[in-house]
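I opened the notebook today to look at a ligand and its surroundings.

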Amino acid sequence: MTAVSEQDLQRYLEIATEAALAGGGVLQSYWGKLENIEQKGRPGDLVTEADKAAEAAVLDVIRRHLSDHPILAEESGAIGELANSPFLWAIDPLDGTTNYTHQYPFSAVSVGLLIDGYPRVGAIFDPFHEDLFRAAQGQGATLNRQFIQVSKTSKLADSLLVTGFAYDRREQVDNNYAEFCHLTHLTQGVRRGGAASLDLAYVACGRLDGYWERGLSPWDLAAGVVLVEEAGGQVTAYDETSFDIQSGRILATNGRIHTILSQVLQQIEPLANFQPIAIAES
Ligand code: IPD
Ligand code: CA
Ligand code: CA
């Protein structure tokens, strides 16, 4: 295990914060002014000039301070020697692109640092509500510099959850539709926020009690995982084994509803007979 001092973690947190705020300024400047919305791959997987400009601003900050640290950024891919370093910055310059293109103000910049493959530092900035979420290993989690804690909800029936649906949902039978139905039935509600990093940050500050999702990338998860753990919550795989950021799956809760939510998720079978309604639009 790589030994990193408390001072170094604090320094990395300051750099993550500077980067997230820089990206957030770019998102504010492009708000409502997009001219270039492209589809990257699957239907709905969009990229805009705001994603690219925000990523450039984030990368500039990290490179300026830590030129030898490798980076995995959503729009640029891998930068630097990933195999030769214990560090990896995972950057989502605009988490919630679909929301952003519709001017639905729920998006964020997410800047996380993995050390030996596990998230240890994170900053998430929502420029529309000016919410700055920060956390580093062993140092607690904050929202706008005030310490935050996960909720105390102890029953699934009393909980408000959040989830999301990956862009491959139309090709995969295991697409989270069944989980959404069952958990909508068993809880006070399930939200679909549209920005995984903020879904996690909202669990960390107690606005939501739990979050699960599949089909995610390291840049969606890295910063938010640190937030939830440092706010006293729990992060695992669906079956409560250790969280693996490469799996793309996460179960993150306030801890109190973790086991029951895990048990429910493990019992759910995908909707194998789901027949979507066919529409013809020109
Ligand atoms: C997406 C959002 C969404 C989640 C998707 C992600 P993007 O990220 O986090 O909530 O459900 O799986 O890909 O594309 O807006 O950066
Ligand atoms: Ca994302
Ligand atoms: Ca993104």
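My entries on ligand 1 follow.

**Entry 1, the model.** I noted at the outset that this is a predicted model.

I looked for where ligand 1 sits, and found it in the largest pocket. I then checked the domains. Domain 1 (6–147) and domain 2 (156–267) both give residues to the shell around ligand 1, so the ligand lies between them.

I listed 17 residues around ligand 1. Asp 95, Gly 96, Tyr 167, Ala 196 and Glu 213 come nearest. I sorted the shell by type and got 7 nonpolar, 4 polar and 6 charged residues. Which strand gives the most to this shell? I found that strand E5, residues 87–95, does, with 3 residues.

For Glu 213, I read 2.5 Å from a polar side-chain atom to an oxygen atom of the ligand. For Asp 95, an N or O atom of the side chain is 2.7 Å from a ligand oxygen atom. For Glu 74, the distance from a side-chain N or O atom to an oxygen atom of ligand 1 is 3.5 Å.

How much of the accessible area of ligand 1 does the protein cover? On its own, ligand 1 has 380 Å² of accessible area, and I noted that the protein covers 95% of that.

Definitions and conventions. Residues numbered from 1 in each chain as written. Chains lettered and ligands numbered in written order. Predicted model: local features only at pLDDT ≥ 70, side-chain atom pairs only at ≥ 80, totals over all residues. Heavy atoms only, no water. Near = heavy atom within 4 Å. Polar contact = N/O pair within 3.5 Å; in protein donor to acceptor, adjacent residues only side chain to side chain. Areas by Shrake-Rupley, 256 points an atom, 1.4 Å probe, with all protein chains shown as cover. 1 Å grid on protein atoms, 1.4 Å probe; cavity = no way out; pocket = protein on both sides within 12 Å on 5 of 7 lines; lining within 4 Å. Sits in = over half its atoms within 2 Å of the grid points. Helix = DSSP H or I, 4+ residues; strand = E, 2+ residues; numbered from the N terminus. Nonpolar A, V, L, I, M, F, W, Y, C, P; charged D, E, K, R; others polar. Domains from an automatic or database assignment.
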